[in-house]
Amino acid sequence: MRLTKQTNYAMRMLMYCVANEGELSRVPEIAKAYSVSELFLFKILHPLVEAGLMQTVRGRNGGVKLAKPPAEITVADVVRVTEDNFAMAACFENDTTECPLVNACGLNVTLSKALNAFFDILSATTIADLQRPTNRAHLGIDQPQEACQIAR
């Protein structure tokens with residue numbers, strides 16, 4: 001299974017907000033830090049906001065921030081929002097498969113177990129778990145570290 005760039009950058013946006021503790025993050029700054037287009041990040045931001053993972057703050061001094069503490073956002077939450085399809089084989093995609101063994105297939109069972117194990121690990125891992133001591137200067141963040149700003 002391969003996750004999309006959308007998922008990769010969604011995770012990076014969330015991690016950037018954690019690294020930018022106490023401050024609103026701005027999409028242009030995030031885009032610059034990761035060398036990706038602002039338009040692409042805005043496209044990713046929309047479903048994250050709809051899912052309640054991120055929050056936007058409008059206005060001249062606006063930006064984005066996590067909608068809840070990083071310890072309450074799992075990697076699985078992000079993957080479910082950003083990925084469209086978890087079919088690991090063609091026979092998972094619909095009920096009209098032409099395979100005569102579909103109802104007695106060990107491959108279906110094995111791949112289903114693998115997918116469930118994948119999501120079990122992602123569900124047990126939070127955005128907070130992903131944070132290592134961050135080189136804030138590398139991300140272009142030069143403000144002093146403060147408590148993480150969370151939407152209430």
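A crossing of two helices is termed right-handed if the near helix is turned clockwise from the far one, and left-handed if the near helix is turned anticlockwise, by less than a right angle. In the predicted model, the crossing of helices H1 and H4 is right-handed by this criterion. The axes of H1, which spans residues 5-19, and of H4 come within 9 Å and cross at roughly 135°. The two helices are therefore oblique to each other, since an angle counts as roughly antiparallel when over 145 degrees and as roughly perpendicular from 65 to 115. On the H1 side, the contact is made by Gln6, Thr7, Ala10, Met11 and Leu14, which meet Val75, Val78, Val79 and Thr82 of H4. Sorted by class, this contact has six nonpolar and three polar residues, and no charged ones.

Thr74 lies in the loop between strand S2 (63-66) and helix H4 (75-82). Thr74 counts as buried because its relative accessibility is 14%, where the cut-off for burial is under 20%. Apart from neighbours within four places in sequence, the residues in contact with Thr74 are Leu122, Ser123, Thr125 and Thr126.

The crossing of H2 with H3 is right-handed, and the contact involves Val27, Pro28, Ile30 and Ala31 from H2 together with Glu38, Leu41, Phe42 and Leu45 from H3. By class, the contact of H2 with H3 comprises seven nonpolar residues and one charged residue, with no polar residues.

Technical notes
Residues numbered from 1 in each chain as written. Predicted model: local features only at pLDDT ≥ 70, side-chain atom pairs only at ≥ 80, totals over all residues. Heavy atoms only, no water. Helix = DSSP H or I, 4+ residues; strand = E, 2+ residues; numbered from the N terminus. Buried < 20%, exposed > 50% of the residue type's maximum accessible area, 1.4 Å probe, protein only. Contact = heavy atoms within 4.5 Å. Axes fitted to C-alpha atoms, helices over the stretch in contact; angles between N-to-C directions. Parallel < 35°, antiparallel > 145°, perpendicular 65-115°, else oblique. Nonpolar A, V, L, I, M, F, W, Y, C, P; charged D, E, K, R; others polar.
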